Amino acid sequence: MLEKMGEFKHQKMVDEFESNTKDAGRVQIETLRRILEENGEAEYLQRLGLNGRTDTESFKSCVPLSTHKDLEPYIQRIADGDDSPILTGKPITYISLSSGTTQGRPKFVPFNEELVKNTMQIFRTSFAFRNREFPLENGKALQFIFGSKQFKTKGGLTASTATTNVYRSEQFKNTMKDIQSQCCSPDEVIFGTDFHQSLYCHLLCGLIYCDAVQFISSTFAHTIVRAFQTFEQVWEEICTDIREGVLSSIVTIPSIRAAVSKLLQPNPELANSIYRKCSGLTNWYGVIPELWPNAKYVYGIMTGSMEPYLKKLRHYAGGLPLLSADYGSSEGWIGVNVYPRLQPELVTYVVLPDIGYFEFIPLKEKIDEEVLEKTSSTVAYMESEPVGLTEVKVGEEYEIIVTNFAGLYRYRLGDVVKVMGFHNSSPELQFVCRRSLLLTINIDKNTEKDLQLAVEAASKLLAEKKLEVVDFTSHGDSSTEPGHYVIFLELSGEPDQEVLAECTNCLDQSFIDAGYVSSRKVNAIGPLELRVVQRGTFQKILDHYLGLGGAVSQFKTPRCIGSTNSMVLQILCNNVVKNCFSTSFG
Ligand code: AMP
């Protein structure tokens with residue numbers, strides 16, 4: 001009976017999604033009308049002279065495109081306790097902290113119940129599609145989720161990351177029950193104040209419930225990779241805990257100790273089985289299905305800056321399917337993955353036309369004719385007027401603009417997406433890159449995707465020597481004359497000077513953006529520098545962000561470190577063990 005009710009609820013989500021996407025144009029007009037009606041009183045809209053009008057034309061002619069910088073003074077007043085209708089009709093009661101991995105510091109973003117509702121809608125919709133292809137039984141989920149610190153703003157509003165705001169909501173717990181995704185770990189672990197202790201306990205709790213676990217997940221896929229890299233170090237300790245029924249002294253936080261100890265009974269049989277299984281693995285290949293035999297898939301955001309972790313994730317997952325989760329940001333959700341069988345590299349996200357009003361700035365590539373044949377897909381962009389959701393064209397790239405129920409109006413999210421097709425009349429978007437993450441010295445422009453491709457090429461050379469790239473980032477160093485690219489790599493072992501030199505030349509040749517190639521030829525950009533950093537350096541960068549109030553759940557390794565990010569640059573530079581300059585070009 002309960003099962004039937006569940007199926008009915010899931011089918012209802014699919015039907016709703018199909019109906020909304022079939023009529024995406026009309027739903028968009030209606031959604032904008034609702035947003036403007038609910039927030040007509042807001043000072044921001046009043047000042048722009050909208051005067052209560054809710055139609056698309058008036059909206060576009062009165063309200064300019066905005067960036068976070070434009071909204072900062074308004075958000076600051078909200079954070080300082082001004083509860084008049086500033087950006088929204090009803091006062092904002094929470095502030096979200098974005099991960100800050102792009103700009104180097106977290107941004108304040110308004111957060112309200114509408115965003116929680118949108119999140120549940122996204123979770124339920126994508127689950128409904130996922131569950132048709134990979135049905136779950138009643139069980140649990142090993143979810144590597146982590147709340148961040150909460151603090152009060154000057155005006156007394158609670159500020160935390162968007163994921164923490166969601167995890168703390170009652171709606172989240174109810175939704176997780178409905179979509180058979182109850183976390184193995186108690187709240188004390190999720191909201192623990194020490195990432196390393198929480199991670200240890202997530203792994204331990206996941207093993208206590210190993211037969212019940214239906215899937216393994218995290219918000220962004222790299223957290224799962226990090227979790228299993230840690231598991232490689234701590235698995236014997238975890239076995240001892242399970243054998244003896246006593247939690248390791250690694251875990252010192254009293255609330256976590258108390259909550260996890262309650263779940264822990266001496267279980268030598270389970271401990272021996274885990275020990276045997278782990279000892280039998282070759283280089284940890286397939287550890288996930290080995291230890292969680294009933295898991296149906298691994299789930300988390302796997303596109304964009306997560307792609308470089310897929311190789312390692314596939315290694316841990318053995319043959320288990322990898323399913324990419326949905327597309328959103330602290331500012332709001334955008335799209336849902338309704339084709340769960342697609343390989344993560346091919347995943348697209350269908351925009352939900354009823355969660356916000358979306359516009360798209362067409363981005364045309366500015367191509368230098370001379371090096372046209374050699375040029376990759378990502379070079380400098382030329383912009384034109386924004387178009388509506390149903391007016392985008394397949395094959396074209398756009399920057400997304402969001403208007404939503406949480407006080408953002410024509411807000412430039414900064415993400416570049418490519419339209420790959422349409423689901424009914426709503427576009428299917430492929431994530432391309434963050435627009436502001438650019439490796440640049442003068443006329444050259446390389447995006448995080450270009451960097452990823454270059455590092456992939458170099459990692460093939462390293463693989464021949466049995467070395468893996470653990471993580472990477474870059475910096476455009478203008479302090480030298482001429483300026484040059486610096487690529488930081490953390491490797492699984494020590495490379496010799498010969499392979500290092502080969503990798504450096506390979507990286508240099510792999511940036512085929514017209515501006516870079518021509519600048520390198522005339523030495524307007526100097527030889528590329530590869531700097532190898534010690535093992536654990538990228539963990540230090542993560543710890544640095546956590547110290548700023550960020551959450552592991554939202555962390556994305558910053559791929560281009562700009563001058564505003566001096567602390568991260570310092571961490572990298574302090575940990576360099578070897579470096580090398582490219583010697584040949586062209
Ligand atoms: P934050 O608000 O700090 O959590 O970061 C949100 C950003 O993460 C988005 O603007 C995207 O750049 C990135 N992001 C979120 N979801 C995805 C996804 N499914 N694929 C690729 N990138 C994503």
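Serine 330 and glutamine 554 are joined by a polar contact between their side chains, at 3.3 Å. The model is predicted. Serine 330 lies in the loop that links strand E9 (327-329) to strand E10 (332-336). Its relative accessible area is 6%. The cut-off for buried is under 20%, so serine 330 counts as buried. Its surroundings can be listed too. Beyond its neighbours within four places in sequence, serine 330 touches Leu97, Ser98, Val109, Leu115, Ala162 and Gln554.

Another loop residue is leucine 548. This one sits between helix H19 (537-547) and helix H20 (566-574). Leucine 548 is partly exposed, with a relative accessible area of 38%.

Now the helix pairs. Two packed helices are described by the angle between their axes and the distance between the axes. Take helix H11 (residues 222-244) and helix H13 (residues 268-279). Their axes are 7 Å apart, and the packing angle is about 160°. Angles over 145 degrees count as roughly antiparallel, so H11 is roughly antiparallel to H13. The crossing of this pair is left-handed. From H11, the contact residues are Phe231, Trp235, Glu236, Cys239, Ile242 and Arg243. H13 contributes Pro268, Leu270, Ala271, Asn272, Ile274, Tyr275, Cys278 and Ser279. Sorted by class, the contact of H11 with H13 holds 10 nonpolar, two polar and two charged residues.

The second pair is helix H10 (residues 195-208) with helix H12 (residues 254-263). Their axes come within 11 Å and cross at roughly 15°. That angle is under 35 degrees, so H10 and H12 run roughly parallel to each other. Here too the crossing is left-handed. H10 brings Ser198, Cys201, Leu204, Cys205 and Ile208 to the contact, and H12 brings Ile256, Val260 and Leu263. The classes are seven nonpolar, one polar and no charged residues.

Next comes helix H18 (residues 514-521). This helix is mostly covered, with six of its eight residues buried. The buried residues are Ala514, Gly515, Tyr516, Val517, Ser519 and Arg520. What do they pack against? Their partners are strand E19 (446-447), strand E21 (484-491) and helix H17 (497-510).

The backbone has some details to check. Most residues other than glycine have a negative phi, and most peptide bonds are trans. Asparagine 523, which follows H18, has a positive phi near 60°. It is not a glycine. Asparagine 523 belongs to the loop between H18 and strand E22 (529-533). With a relative accessible area of 44%, asparagine 523 is partly exposed.

Asparagine 424 also has a positive phi without being a glycine, here about 50°. Its loop runs between strand E16 (411-423) and strand E17 (426-434). Asparagine 424 is partly exposed, at 36% relative accessible area.

Which residues does a cis peptide bond join? Glutamate 481 and proline 482 are the pair, with omega at about -5°. Proline 482 lies in the loop between strand E20 (469-477) and E21. E21 is also one of the elements that the buried residues of H18 pack against.

Technical notes. Residues are numbered from 1 along each chain as its sequence is written. This is a predicted model: local features need pLDDT of at least 70, side-chain atom pairs count only at pLDDT 80 or more; totals for chains, interfaces and linings use all residues. Side-chain values use heavy atoms; hydrogens and water are left out. Axes are lines fitted to C-alpha atoms, for helices over the stretch in contact, and angles run from 0 to 180 degrees between N-to-C directions. Helices (H or I, at least four residues) and strands (E, at least two) are DSSP runs, numbered from the N terminus. Angles under 35 degrees count as roughly parallel, over 145 as roughly antiparallel, 65 to 115 as roughly perpendicular and the rest as oblique. A crossing is left-handed if the near helix is turned anticlockwise from the far one by less than a right angle, and right-handed if clockwise. Contact means heavy atoms within 4.5 Å. Ala, Val, Leu, Ile, Met, Phe, Trp, Tyr, Cys and Pro count as nonpolar, Asp, Glu, Lys and Arg as charged, and the others, Gly among them, as polar. Buried means under 20% relative accessible area, exposed over 50%, partly exposed in between (1.4 Å probe, protein chains only). A polar contact is a pair of N or O atoms within 3.5 Å; within protein, one must be able to donate a hydrogen and the other to accept it, and residues adjacent in sequence count only if both atoms are side-chain atoms.
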